[in-house]
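Please read them alongside the sequence and the structure.

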2 protein chains.
Amino acid sequence: MKAIQVGLLGIGTVGAGTFAVLARNQEEIRRRAGRGIEIAAVADLDTARAEKIVAGRAKVLADARSVIADPAIDIVVELIGGYGIAKTLVLEAIAAGKHVVTANKALLAVHGNEIFAAASDKGVMVAFEAAVAGGIPIIKALREGLTANRIEWVAGIINGTTNFILSEMRSKGLDFATVLKEAQRLGYAEADPTFDIEGVDAAHKATILSAIAFGVPVQFDKAHVEGITKLQAVDIRYAEQLGYRIKLLGITRRQDKGIELRVHPTLVPAKRLIANVEGAMNAVMVHGDAVGTTLYYGKGAGSEPTASAVVADIVDIARGLEIPVFGVPAASLADHAIAPISAHQGCYYIRLMVLDQPGVLAQISGILGNHRISIAQMIQRGRKEGGSVPLVIMSHTALERDVGNAMREIKALSCVSEQPVVIRVEGEEQ
Amino acid sequence: MKAIQVGLLGIGTVGAGTFAVLARNQEEIRRRAGRGIEIAAVADLDTARAEKIVAGRAKVLADARSVIADPAIDIVVELIGGYGIAKTLVLEAIAAGKHVVTANKALLAVHGNEIFAAASDKGVMVAFEAAVAGGIPIIKALREGLTANRIEWVAGIINGTTNFILSEMRSKGLDFATVLKEAQRLGYAEADPTFDIEGVDAAHKATILSAIAFGVPVQFDKAHVEGITKLQAVDIRYAEQLGYRIKLLGITRRQDKGIELRVHPTLVPAKRLIANVEGAMNAVMVHGDAVGTTLYYGKGAGSEPTASAVVADIVDIARGLEIPVFGVPAASLADHAIAPISAHQGCYYIRLMVLDQPGVLAQISGILGNHRISIAQMIQRGRKEGGSVPLVIMSHTALERDVGNAMREIKALSCVSEQPVVIRVEGEEQ
């Protein structure tokens, strides 16, 4: 069978990795795909750098459109990133009848419905294993490996930068700003780390996971997104004393009011496997009604780990594998709404700074009780007459809306000196 | 499209789970498969029990052959187990041009080459996701998700019974025999637990993983297999003091002399994720040259977790997915030999019972040195004049053959009172 012809748009870190992996493992990949895979053309604005990487093994062009227009090209691999030109090129490639492989989570989370509809109309594949959790084959696991299951929830560490920062904050007892600088120095965080530390990147990936897990359209604009910038070292310490680790989780879950889609710092029991995922590693848990809880762990970023996923997608297409984007045909997508975060029910970690004086505990527990929030555990340590001391509370399952209302009342008390810290807890019920 | 017709051979635990999952998630599975999936016929010698489970939703027969012969049946699901009649029926189903789905690891590990060759000749699929690690989609991950990679090694906790026993021995400080009885009482171990506790079941699964990871024929007879029956509580304790857990791992790895294929108790650094897999859970690590180390975790047995894998295979076949059994066509299987265990190189945990008298350490370290075994760590505690005390040694990387020779010399010393305990160590290098 004729070798499949690939056109690469953008040859940065992942593009270079894709080139390297395809060249190095050429023979094994050909055996597995049942046909050769050739990168025929590479488009990159920096043609000089591209020529260096490609080293004569493929055409190098500055113009992505001429790669798309090339009738010899079967698959267009988009590795440019962002919502701008990448979107235009992906839509043009689809219009030209090319299959598309992309690692662009931002593009899919925001414009996925438009892109997938166009692909469905044209009868071409859009594959994106590399868009979520790098080299971990989580899209394949969800869409094919667990296809027997009604998926109940997916929860994952899907941003390596923030997991590295949280691991360092915990193990070294440092504060966020200090560790962020260290992460930037080591290359774990970008010069402008906003998308990572504010949870936006994780929310893009959670949005894609949500669409596949539940067979619904991508709904990034409905996601509840909190990053780790406000997280204080003291809360990591208290969490540890209570037997928890704090992780930035992307979570999507079925509940009565619709589908939860949220990214936020989360207390996870320290004995859980996912609580022990350290550094820049990723891990995704999937709970299905038949299989129970499964977990998938590996490198979530980097040149060759991401290339591993890009090449797997190319091989799937070469093998003629046709799985609808969401695992179900576009026409049979379910119409589940994203539930507002106020409808979330769970346990909460609450830290208050309160005056060390009689009657304070009675006032606070009274307000919590009025809002149907019961206390599972409490830590109050240190004495500071006339000053503020921390009061740490772990609640039983409560409604987010009730917690918000209670915090507003508590904050207004004269004995409470700072904004209450509230962090959601997961993983108690497993 | 016409619903795909399935014939079930054997409706025990997994068969009943398959029936339940297909019935409960019928609609979602149909959306995903693009067509309905119907269990048309069930064969089981105990027709009365089968009728109860099936409750009129499918034909029930005592004769498996009439299910195979039924021209309406597209896929035969073999859930009988063992090498006997199961082998005959699987080969007959293939001969009749049916696709086969099986959870039978013993059959595939021992007779896989014959079965896969027959399937290849007839152009039918033999799918077996359920044969390794239950509901964890590890076959799919290896064969499709990581297809870009040259796989370097696979190592896993692939037997839940022994992992349950080891977890209990460690957490409760009990000995093997006591925990085995407890495991049998709780249903985690069978009345005849030989296959599990002697490592045979894990070796079946490791054999299958080895074949897929490296694209080689199954070679169960070449596997090195040690179970956990001789493991003593004292070694679990010493391992813990040294920062390790003892797990029964199935390991397959490329090395210079061929492919390693071995199952044995293994010391794993306690900080590794896999060291923290407790109870009857399974986890498989895969190391690929591009992706690095990935890990897959979940339930390795049980009615619905195993059914989850069986149904995923049925859906793959319904979707028309055709992946060769070993991930590569039978004709292009590689011809790698299984390396003898004597060629293994790694670190070793060694426990000797030695007389508490001067000069003993010099004698022992002299013998180790003569055999090119250097000492990384040592524990010697307790004094017992005239009696024996434990001497625990962690070696640097050494050759298995050298360790064996050294142990024979050491055992012959008059100051050594018991058979030396030697346990391999993994996971130092990651």
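1. In helix 2 of chain B, the residues Ile29(B), Arg32(B) and Ala33(B) meet Val311(B), Val315(B) and Ala318(B) of helix 13 of chain B, where two residues are in contact if their C-beta atoms, placed from the backbone, lie within 7 Å. Helices (H or I, at least four residues) and strands (E, at least two) are DSSP runs, numbered from the N terminus. The residues of this contact between helix 2 and helix 13 of chain B divide into 5 nonpolar, no polar and 1 charged, with Ala, Val, Leu, Ile, Met, Phe, Trp, Tyr, Cys and Pro counted as nonpolar, Asp, Glu, Lys and Arg as charged, and the others, Gly among them, as polar.

2. As for the geometry of that pair, helix 2 (residues 26-33) and helix 13 (residues 303-318) of chain B pack at an angle of about 35°, with their axes 9 Å apart; axes are lines fitted to C-alpha atoms, for helices over the stretch in contact, and angles run from 0 to 180 degrees between N-to-C directions. Helix 2 of chain B passes helix 13 of chain B in a right-handed crossing, a crossing being left-handed if the near helix is turned anticlockwise from the far one by less than a right angle, and right-handed if clockwise.

3. This is a predicted model, in which local features need pLDDT of at least 70 and side-chain atom pairs count only at pLDDT 80 or more, whereas totals for chains, interfaces and linings use all residues. Residues are numbered from 1 along each chain as its sequence is written, while chains are lettered from A and ligands numbered from 1 in the order in which they are written.

4. Between the chains, 44 residues of chain A are in contact with 44 residues of chain B. On the side of chain A that touches chain B, the elements that give two or more residues are helix 2 (26-33), helix 7 (138-145), strand 12 (292-299) and helix 13 (303-318) of chain A. By class, this side of chain A has 20 nonpolar, 15 polar and 9 charged residues. The copies meet through the same surface, because 100% of the interface residues of chain A are also interface residues in chain B.

5. Strand 12 of chain A is joined by 3 bridges to strand 12 (residues 292-299) of chain B, and the two run antiparallel; strands pair if DSSP finds at least two bridges between them. Here Leu295(A) stands opposite Tyr297(B) in strand 12 of chain B.

6. Within chain A, 6 strands form an open sheet in the order 3-2-1-4-5-6, with parallel pairing. Strand 3 (59-61) and strand 6 (126-127) of chain A stand at the edges, each with a single partner strand, so one side of each is left without a neighbour in the sheet. Strand 2 (residues 37-43) of chain A is joined to strand 3 of chain A by 3 bridges, and Ala41(A) stands opposite Lys59(A) in strand 3 of chain A.
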